[in-house]
Amino acid sequence: MGGVAFVIDTGIYLWLLNGPLSDHPTRAKIVSAVVATLFSWVANRYWTFRHRRGTNIAREVMLFAVMNGVGIAIAAGCVYVSHWMLGFTSAYADFVAGSVVGLVLGTIFRFFAYRFWVFTEELDAEPEFAHDHELLEPEKPRI
């Protein structure tokens, strides 16, 4: 589903950059990312992870919205810095900033956020993920 969300995000972003929001690349990125994120949530909840749906949909939506809101802010921030601060104003530069650099940084954030803040209890219970915390939390010295 991530690939389809990427195509939706990229398609809408390029359309907005070359059309109604050509003077506002940061807004265009926010709009395209929000649409792709909504698709992603629906597709993951009702298709990919339909067997792991939680019963508390409000909590699920809130966590998804917060984590993806930060991811969207990262992508939009990359466009803002590239376009408005560094002066790279071509549609190509906006695309690279938002859909390449922003996507990579946002994906890294979401990976760690989901693992260590959202799905902590579920993944800690699975043996293959039980020691993930040791990657980020160094072993405490023994006295």
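Partly exposed describes a residue whose relative accessible area lies between the buried range, under 20%, and the exposed range, over 50%. The structure described here is a predicted model. In this model, Phe-112 is partly exposed, with a relative accessible area of 37%.

| Residue | Relative accessible area | Class |
|---|---|---|
| Phe-112 | 37% | partly exposed |

**Ring contacts**

A search of the whole structure finds one aromatic pair. Phe-111 and Phe-112 form that pair, with ring centres 5.1 Å apart and an angle of 85° between the planes. The pair counts as edge-to-face because its planes are over 60 degrees apart. Another ring, that of Tyr-13, has Lys-29 over its face, at 4.7 Å from the ring centre.

**Helix H1**

Helix H1 covers residues 2-17, which makes 16 residues. From its first C-alpha to its last, H1 reaches 22 Å, close to the 22 Å expected at 1.5 Å a residue. The buried residues in H1 are Ala-5, Asp-9, Thr-10, Tyr-13, Leu-16 and Leu-17. They lie on the same side of H1, because they cover an arc of only 135° around the axis. An α-helix has 3.6 residues a turn, so residues three or four places apart point the same way. Val-7 and Trp-15, on the other side of H1, are exposed.

**The largest nonpolar core**

Tyr-13, Leu-16 and Leu-17 belong to the largest nonpolar core, which has eight residues and also includes Leu-21, Ala-28, Val-79, Phe-95 and Ala-97. Two or more residues of this core come from each of H1 and helix H4 (91-118). H1 gives the most, with three residues. Leu-21, one of the core residues, touches Leu-16, Arg-27, Ala-28 and Val-31 when residues up to four places away in sequence are not counted.

**Ser-40 in helix H2**

Ser-40 has its place in helix H2, which spans residues 25-48. Which residues does Ser-40 touch, not counting those up to four places away in sequence? They are Ala-5 and Phe-64.

Technical notes:
Residues are numbered from 1 along each chain as its sequence is written. This is a predicted model: local features need pLDDT of at least 70, side-chain atom pairs count only at pLDDT 80 or more; totals for chains, interfaces and linings use all residues. Side-chain values use heavy atoms; hydrogens and water are left out. Rings of Phe, Tyr and Trp (its six-membered ring) pair if their centres lie within 6.5 Å; planes under 30 degrees apart count as stacked, over 60 as edge-to-face and the rest as tilted. Buried means under 20% relative accessible area, exposed over 50%, partly exposed in between (1.4 Å probe, protein chains only). A charge sits over a ring if NZ of Lys or CZ of Arg is within 6 Å of the ring centre and within 35 degrees of the ring normal. Helices (H or I, at least four residues) and strands (E, at least two) are DSSP runs, numbered from the N terminus. Contact means heavy atoms within 4.5 Å. The expected span of a helix is 1.5 Å times one less than its number of residues. The arc is that of the directions from the helix axis to the C-beta atoms. A nonpolar core is a set of buried Ala, Val, Leu, Ile, Met, Phe, Trp, Tyr and Cys residues joined through side-chain atoms within 4.5 Å.
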